[in-house]
Amino acid sequence: MVNLGDIFPNFTADTTAGEISFHEWLAESWAILFSHPADFTPVCTTELATVQKLVPEFTKRKVKLIALSCDDTESHHAWKKDVLGYCKDGDTASDLAFPIISDPKRTLAVKFGMVDPDEKDKTGLPLTCRAVFIIGPDKKLKLSLLYPATTGRNFTEILRVVDSLQLTATQKVATPANWEPGKEVMVVPSLSPQEAKEKFPEHRVVEVPSGKPYLRLTPI
Ligand code: BEZ
């Protein structure tokens with residue numbers, strides 16, 4: 001189990017791009033590790049195809065991607081052909097642009113709390129759930145999401161979250177509900193009224209029934 005703010009632990013694993021040492025692979029980049037229940041399953045195939053189509057968007061944000069599915073590397077290589085076939089309309093790449101980690105013994109799935117107890121393979125072993133870990137250039141966990149195997153993720157939302165994480169990593173702001181890049185953001189509560197005026201001269205205070213001036217919106 002990894003908590004927000006923890007250094008994401010190093011591990012070595014076999015992947016479709018050969019054996020990797022996770023910290024070496026991360027280098028000093030933003031990264032997303034996302035897990036899948038199993039190869040040759042319908043929702044997972046749509047998810048990998050969706051991520052492949054979004055690779056240019058993740059690259060623009062300097063985010064590395066790595067998937068994990070609990071089958072072995074031989075199976076991953078065979079499955080990749082289906083994924084590429086499924087996303088042919090929007091992507092003509094001959095290979096996936098990101099590696100897939102193999103975890104046939106569920107070593108990493110157990111270590112990082114990615115097991116879906118309700119879904120089992122033919123031998124009775126649990127499958128991995130749909131986890132998303134976003135890791136910062138300091139190798140610390142910035143965000144984690146856990147979805148059950150039966151619910152596919154919205155990767156446009158993951159991109160939106162990356163935009164928020166990268167913005168709030170360098171500025172004293174927070175992003176409100178349903179925020180999208182270009183929209184107003186909140187000045188963080190820890191800034192005094194004077195500091196808020198200096199850092200964000202265009203900010204405005206939204207009136208609320210309590211009369212407390214904590215809802216401070218600013219363009220960025
Ligand atoms: C799927 O990827 O379609 C899936 C995998 C495991 C359980 C349910 C759905």
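**Close-up views of a predicted model**

**View 1. Residues around the ligand.** P37, T41, P42, V43, C44, E119, R130 and A149 surround the ligand. The coordinates belong to a predicted model.

View 2. A polar backbone atom of P42 is placed 3.3 Å from an oxygen atom of the ligand. For V43, the distance between a backbone N or O atom and an oxygen atom of the ligand is 2.7 Å. C44 has a polar backbone atom 3.0 Å from an oxygen atom of the ligand. C44 is also one of the residues through which helix α2 meets helix α3.

**View 3. Packing of helix α2 on helix α3.** Helix α2 covers residues 42–60 and helix α3 covers residues 73–86. Their axes are 9 Å apart, and the packing angle is about 65°. The crossing of α2 past α3 is right-handed. On the α2 side the contact involves C44, T45, T46, L48, A49 and Q52. These meet W79, D82, V83, L84 and Y86 of α3. Sorted by class, the residues of this contact are seven nonpolar, three polar and one charged.

**View 4. Packing of helix α2 on helix α5.** Helix α5 spans residues 155–168 and packs with α2 at an angle of about 35°. The two axes lie 10 Å apart. Here too α2 makes a right-handed crossing, in this case past α5. From α2, the residues in contact are E47, T50, V51, L54, E57 and F58. The α5 partners are F155, T156, I158 and L159. The contact between α2 and α5 contains six nonpolar, two polar and two charged residues.

**View 5. Domain arrangement.** The domain assignment divides the protein chain into domain 1 (12–153) and domain 2 (173–218). A distance of 37 Å separates the C-alpha centres of domain 1 and domain 2.

Notes
Residues are numbered from 1 along each chain as its sequence is written. This is a predicted model: local features need pLDDT of at least 70, side-chain atom pairs count only at pLDDT 80 or more; totals for chains, interfaces and linings use all residues. Side-chain values use heavy atoms; hydrogens and water are left out. Axes are lines fitted to C-alpha atoms, for helices over the stretch in contact, and angles run from 0 to 180 degrees between N-to-C directions. Helices (H or I, at least four residues) and strands (E, at least two) are DSSP runs, numbered from the N terminus. A crossing is left-handed if the near helix is turned anticlockwise from the far one by less than a right angle, and right-handed if clockwise. Contact means heavy atoms within 4.5 Å. Ala, Val, Leu, Ile, Met, Phe, Trp, Tyr, Cys and Pro count as nonpolar, Asp, Glu, Lys and Arg as charged, and the others, Gly among them, as polar. Domain bounds come from an automatic or database domain assignment. A residue is near a molecule or strand if one of its heavy atoms lies within 4 Å of it. A polar contact is a pair of N or O atoms within 3.5 Å; within protein, one must be able to donate a hydrogen and the other to accept it, and residues adjacent in sequence count only if both atoms are side-chain atoms.
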